[in-house]
Amino acid sequence: MVLVGKNFKDVIKQKGKDVFVEFYAPWCGHCKSLAPKWEELGKWAADKPNLIIAKMDSTANEVDEVQVSGFPTLKLFKADSDEIIDYDDAREFENMKSFLEKNAASAKA
């Protein structure tokens, strides 16, 4: 799912939904390297109706809820909560999957 400034708040505040967001820049080499792994994560999450894997071009959109100081920045917006968990592990599929299974109730299954 692609987020923009106009839909950001509506998506992250959906009742019962955990939302894992990549804030990226189109020119960023690390973001380009992450892209296939992010897609793989999205495919893994496809059968988890309460888990959303999303991305947002931070060079074209700004949101008050998030401060992005580097690219890519990965954050989990927990369901029915104002809690935001920063992801700071390796940008590999298995690491991100494990992070979600540990921190997002909707990923456990």
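I take buried as under 20% relative accessible area, exposed as over 50%, and partly exposed as in between (1.4 Å probe, protein chains only).

**Entry 1, basis.** I worked on a predicted model, in which local features need pLDDT of at least 70, side-chain atom pairs count only at pLDDT 80 or more, and totals for chains, interfaces and linings use all residues. Residues are numbered from 1 along each chain as its sequence is written, and side-chain values use heavy atoms, with hydrogens and water left out.

I looked up a salt bridge (a side-chain nitrogen of Lys or Arg within 4 Å of a carboxyl oxygen of Asp or Glu) and found the side chains of D47 and K48 meeting in one, at 3.2 Å, N to O. D47 is exposed, with a relative accessible area of 59%, whereas K48 is buried, at 10%.

My search of the whole structure gave six salt bridges. In another of these, the side chains of E65 and K9 meet at 3.2 Å, N to O. E65 lies in the loop between β3 and β4 and K9 in helix α1, so this pair ties together parts that are 56 residues apart in sequence. I assigned helices (H or I, at least four residues) and strands (E, at least two) as DSSP runs, numbered from the N terminus. Both partners are partly exposed: E65 has a relative accessible area of 32% and K9 one of 48%.

I found F8, V11 and I12 buried in α1, residues 5–12. Their directions from the helix axis to the C-beta atoms define the arc. Seen down the axis, the buried residues fall within an arc of 85 degrees, so they line one face of the helix. K6 and D10, on the other side, are exposed.

**Entry 5, the largest core.** I then examined nonpolar cores (sets of buried Ala, Val, Leu, Ile, Met, Phe, Trp, Tyr and Cys residues joined through side-chain atoms within 4.5 Å). The largest has 18 residues, and F20, L41 and L100 have the most contacts inside it. Its largest share, five residues, comes from α2. For contact I required heavy atoms within 4.5 Å. Leaving aside residues up to four places away in sequence, L41 touches F20, I53, F93, M96, K97 and L100.

Is K97 buried or exposed? I noted that K97, in helix α3, counts as buried at 18% relative accessibility. With residues up to four places away in sequence not counted, K97 touches L41 and W44.
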